[in-house]
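Good morning, everyone, and thank you for making time for this.

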Amino acid sequence: MKKFFSLGRLFLALVFFLMYLPIFYLIYYSFSSGSRMDGFKHFSLVHYQTLFADTRMISIVLNTLIIALLAALISTIIGTSGALAINRAKRSRRQLLVLNNILMVSPDVIIGASFLIFFTFLGVQLGFWSVLLSHIAFCIPIVVLMVLPQVRTMPRSLTDAAYDLGASRWQAFSQVTIPAIAPGIRAGFFMALTYSLDDFAVTFFVTGNGFSTLAVEIYSRARQGIDLEINALSTVMFLVSLVLVFIYSRFSVKGKGAAVK
Amino acid sequence: MTKHNFGRLFFTLPYYLWLLLFVIAPLVLIFYQSFLGLDGHLTVQNYLTYARSATYLKMTLNSVWYAFLITAITLMIAYPLAYLIAQLKRRDFWLALMILPTWINLLLKTYAFIGILSQSGPLNALTKALGLGSHQLLFTDAAFVIVAAYIELPFMVLPIYNAIVGIRPSLINASLDLGASRVQTFWRVIFPLTKGGVEAGIQAVFIPALSLFMITRLIGGNRVITLGTAIEEHFLTTQNWGLGSTIGVVLVVAMLIVMLLTDGANAVKKGGKRG
Amino acid sequence: MAILKFAGVKKGFGDTEILKDISFEIEEGKFYTILGPSGSGKTTILRLIAGFDQPDGGAIYFDGKQINDLPANKRQVNTVFQDYALFPNLNVFENVAFGLRLQRMKKRAIQLRAQEALALVHLGGYAHRELDELSGGQQQRVAIARAIANRPKVLLLDEALSALDHKLRKEMQTELRQLQRQLGITFIFVTHDQEEALAMSDQIMIINEGYIEQSGTPVDIYDEPLNHFVADFIGESNIIPATMVKDFVVEINGKQFTCVDAGITPGEAVEVVLRPEDLDITTVESGKLAATVDSQLFRGVDYQIMVHDRDGHEWKINSIHKTTVGKEIGITFDPEDIHVMRKGESQAAFNARLASYQEVDHDQA
């Protein structure tokens, strides 16, 4: 028993080490004064200087953030209304859920390729708008899936109580329904943000020449070989991720507390 | 009555528009496109080209084979991993630590492997130190499988972990109480109850593994061609959208088969807490 | 004067008819209980009064005005929900003040009213607590305070005590009764618990399968159940098929007994009710029936004794005296302990029959 356990611990330690190895490998070399990911030269912040002086890169980072925030915001609104609609639909609920989940299970290339056909068919210029619309589109189902359980577990009596106490439809919706499902909405917004920031394949298909997001930019640079500016960028992004995860965990803990009846 | 129904419709209209424009329409369009030849006329030529060409069939089989390998490897690592994490005292923390790397853009993680797997990278340094000599690791089939498995691992761990944690402790106690050993309890109670999680994990890994194209380009060189790579090439390089769509339809069919075989979403509930 | 009136109300959901034909009147300032098994339609009646659902047929009047389609937020009725339905994002005070804020009352007035409501349910010091700091019983009180803070004319309570444990429940029954007297408004309480109904109400309405089976004071309903369902549902009972021989004589299991019922056709098949606590154990010689004791259960206040008589019929007896299993005993009862029920007799017909042979006018509400 004891032996098995220490074996288990060893396995755990090894897997966790390997999970984080590539990330710390990237970070480590971001501080090397060399230009390759082997043979650490000496400590230097030169790649960070290049990164922060790289206006093209900075504008791409801003593009990515704008797309992610807008896509998360809009998809959260549409997705929440979708979750409420699905919950209300009695007969067609199953069919609606299946339709909703199609984009969740479709491979990225299929989404990317079919959206490309769709935009071309409509004559939409590829660029900011096509990317934004695509991101909203693939974020909506995840928001629905995060909000729906909250809507379902919300007792019907809660809105009845609001009407009973004199609330109008809008008052019941804004003062009771929305606060009650807020943890789901927050989680949905956050997941949408993550999906958007993380997307490469769909954007790769529907972006034009003039517009690029971070993932697409990294891809095109990485195809040309190693560039330690990307390492510096990963370090920054890793830190941002940590902060985001921290905020998210705070949110969800708070959400749990509020959900106690 | 009618007034608030109208308000409700207005409120949910964007969602239904999304279903129509971004779920149904693109699927219909890609299906339609797969029947369009290069000249823009309706034809089944794309399907004939696909079915008659040894290259495409071989590529499809290859792609399925690689996806299978990636899924099998992640499953073999993920199951014991999920089980061990579930036994830990601060299991939520360790799970979060497991999931954290998925928050880092997968392009960056893939990019890291360009360094790690390179001729003068740490992996080769290790094999050299062990006296195994240096090898060309980057741009090989193995490199592609390793990196893909690395990226997909958390997506396999999560559903399995949830299934394990969802088993009510009383079930395990009942099994021990009825005279089963720990090993018997595992095979007769825990494993069957986590089957749903395993199936969900397979779904979550196998389908993306079929269609990864970015890793094949960066790590596999152009040696490994998957269905995803082929679609990307036809759409963005050779501009043969018809044939690309045909391969897309094949991918969708493959996806549907996997989903039918692993009805994961429904199976998870069986081991669920509510019981 | 009737504050609330149902006239031939019907309500169904999909293909199932929940309420088939419901008519009643509710007076101001009384404690009413709607009692019935689950699925009988009692909660549906409450939802129609509150305005969450609209009737399919018939009419609902409030203060003399027809309110069939008046939305819930415009009715002077408030509800205490079975699951309390407290708003999880608001604390105790904000929950109680919810309805008052919607009326755009002045801050000070809200403060006063909410505090007053909380004091009425003995939660004066709890205004700034969060909901998850409260016990189930306290949450229940918040739900009541929130409903009465709006000063409704009628307060609806939907299975309001069913989530509480036995002891707390008994306490809350007393408190609710007191609260109703203090406020002087009408309470309509829905429950499936007949003991609770008997203990709290001025008037009980028994609902089954979409119809009102009987309504009246607790004593009337207990002593004079109108039919098999009511007799069986309220309290414990021995219900036995019997034949009316003539006025004041009924034949039970082939033996004739004196009773106090009359006005029934001789030879008519009826049912008689004998409450277990009205049956007394005596010696075989002095008993009206001889029986053998089959089992005996101690229940704290009394013993529940099951016996069978010489013809093999089973009887249930509640007695504070102990007996011995297997012993031969005698059973005795008085003529007024026998209550005869005609099959399918309506409440009005029953009252008329009663009046026809009783000098004392038996007034029924």
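Before I use the word contact, let me say what is meant by it: two residues are in contact if their C-beta atoms, placed from the backbone, lie within 7 Å. Please also keep in mind throughout that what you see here is a predicted model.

With that in hand, we can look at chain C, of which 18 residues are in contact with 19 residues of chain A. On the side of chain C that touches chain A, strand 6 (77–80) and helix 2 of chain C each supply at least two residues, and helix 2 gives the most, with three residues. Sorted by class, this side of chain C has nine nonpolar, seven polar and two charged residues.

Now, which chains have the most contacts between them, among the two pairs that touch? The answer is chains A and B, where 54 residues of chain A are in contact with 58 residues of chain B.

A few words about chain B itself, which has 13 helices and zero strands. Its C-alpha trace spans about 80 × 70 × 35 Å along its principal axes.

Helix 2 (residues 92–102) and helix 3 (residues 107–120) of chain C have axes that come within 9 Å and cross at roughly 125°, which makes helix 2 of chain C oblique to helix 3 of chain C. This crossing is right-handed. The residues of helix 2 of chain C that meet helix 3 of chain C include C:Phe93, C:Val96 and C:Leu100, and among their partners in helix 3 are C:Ile110, C:Ala114 and C:Leu118. Taken by class, the residues of this contact are eight nonpolar, no polar and two charged.

How does helix 2 of chain C pack with helix 4 of chain C, and at what angle? Helix 4 covers residues 136–149, and the two pack at an angle of about 25°, with their axes 8 Å apart; helix 2 and helix 4 of chain C are therefore roughly parallel to each other. The crossing of helix 2 and helix 4 of chain C is right-handed. Among the residues that meet here are C:Asn95 and C:Gly99 from helix 2 of chain C, and C:Val142 and C:Arg146 from helix 4 of chain C. By class, this contact has seven nonpolar, two polar and one charged residues.

Where in helix 8 of chain A does a kink lie? The kink, of about 60°, is at A:Ala182, shortly before the proline A:Pro183.

Methods
Residues numbered from 1 in each chain as written. Chains lettered and ligands numbered in written order. Predicted model: local features only at pLDDT ≥ 70, side-chain atom pairs only at ≥ 80, totals over all residues. Axes fitted to C-alpha atoms, helices over the stretch in contact; angles between N-to-C directions. Helix = DSSP H or I, 4+ residues; strand = E, 2+ residues; numbered from the N terminus. Parallel < 35°, antiparallel > 145°, perpendicular 65-115°, else oblique. Left-handed = near helix turned anticlockwise from the far one by under 90°. Nonpolar A, V, L, I, M, F, W, Y, C, P; charged D, E, K, R; others polar. Bend = angle between axes of the 7 residues up to and from the residue.
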